Amino acid sequence: MEMNLIDEAATVRSLAALAQPQRLRAFRALVVAGPDGLTPGAMAEQLGVAPSALSFHLEELAHAGLVSIEPRGRHLIYRASFAQ
């Protein structure tokens with residue numbers, strides 16, 4: 001069964017996003033957190049990553065469709081996009 005070009009492009013984007021150690025660690029943390037997700041502050045503390053660096057990595061994961069972002073008051077909640 002052939003993968004269509006749209007699925008192939010999305011797969012390549014996802015794999016490229018996960019091919020960086022800090023992004024992979026962030027994604028794993030979101031998978032473990034489940035549907036409750038995590039705030040960037042909690043994730044930065046948990047992973048021992050500077051918040052500014054984590055922000056960049058989360059943006060890349062969101063661009064690849066691997067995470068969703070929900071504004072909640074003054075905070076953002078990041079969740080793994082399990083369907084992706």
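## Contacts and fold of a predicted protein chain

Leaving aside neighbours within four places in sequence, S14 is in contact with A64, L66 and Q84. With a relative accessible area of 10%, S14 is buried, because buried means under 20% relative accessible area.

**The chain as a whole**

The protein chain contains four helices and two strands. Read from the N terminus, the order of these elements is α-α-α-α-β-β. The radius of gyration of the protein chain is 13 Å, close to the 12 Å that the globule rule gives for 84 residues, so the chain is as compact as a globular protein of that length. Along its principal axes, the C-alpha trace spans about 45 × 25 × 20 Å.

How much of the protein chain is made up of buried residues? The share is 31% of the 84 residues. The accessible surface of the chain comes to about 5600 Å², and 59% of this surface belongs to carbon and sulfur atoms. Among the contacts with a separation of 6 or more, 51% are accounted for by residues 24 or more positions apart. As for charge, the chain has 7 positive and 8 negative side chains, and the centres of the two sets lie 9 Å apart.

**The two strands**

Strand β1 (residues 67-72) and strand β2 (residues 75-80) run antiparallel and are joined by six bridges. Two pairs of residues may be named here. P71 has L76 in β2 as its bridge partner, and R72 stands opposite H75 in β2. The hairpin of β1 and β2 has two residues between the strands, and in this hairpin G73 takes a positive phi near 65°.

Strand β1 also holds E70. Not counting residues up to four places away in sequence, E70 touches H75, L76, I77 and R79. Is E70 buried or partly exposed? Its relative accessibility is 29%, so E70 counts as partly exposed. In a regular strand, the side chains alternate between the two faces of the sheet.

**A glycine in a loop**

G37 has its place in the loop between α2 (21-33) and α3 (40-47). Which residues does G37 touch, not counting residues up to four places away in sequence? They are I77, Y78 and R79. G37 is buried, with a relative accessible area of 12%.

**Two separations compared**

The table sets out two pairs of residues, each with its separation along the chain and the separation of its C-alpha atoms.

| Pair | Residues apart along the chain | C-alpha separation |
|---|---|---|
| G37 and Y78 | 41 residues | 5.3 Å |
| E70 and R23 | 47 residues | 19 Å |

For G37 and Y78, a separation of 41 residues along the chain goes with 5.3 Å between the C-alpha atoms. For E70 and R23, the C-alpha atoms are separated by 19 Å, with 47 residues along the chain. The residue Y78 is also one of those that G37 touches.

Key. Residues numbered from 1 in each chain as written. Predicted model: local features only at pLDDT ≥ 70, side-chain atom pairs only at ≥ 80, totals over all residues. Heavy atoms only, no water. Rg over C-alpha atoms; globule rule 2.2 N^0.38 Å. Buried < 20%, exposed > 50% of the residue type's maximum accessible area, 1.4 Å probe, protein only. Contact = heavy atoms within 4.5 Å. Areas by Shrake-Rupley, 256 points an atom, 1.4 Å probe, with all protein chains shown as cover. Lys, Arg positive; Asp, Glu negative; His and termini not counted. Charge placed at Lys NZ, Arg CZ, Asp CG, Glu CD. Pairing = 2+ DSSP bridges.
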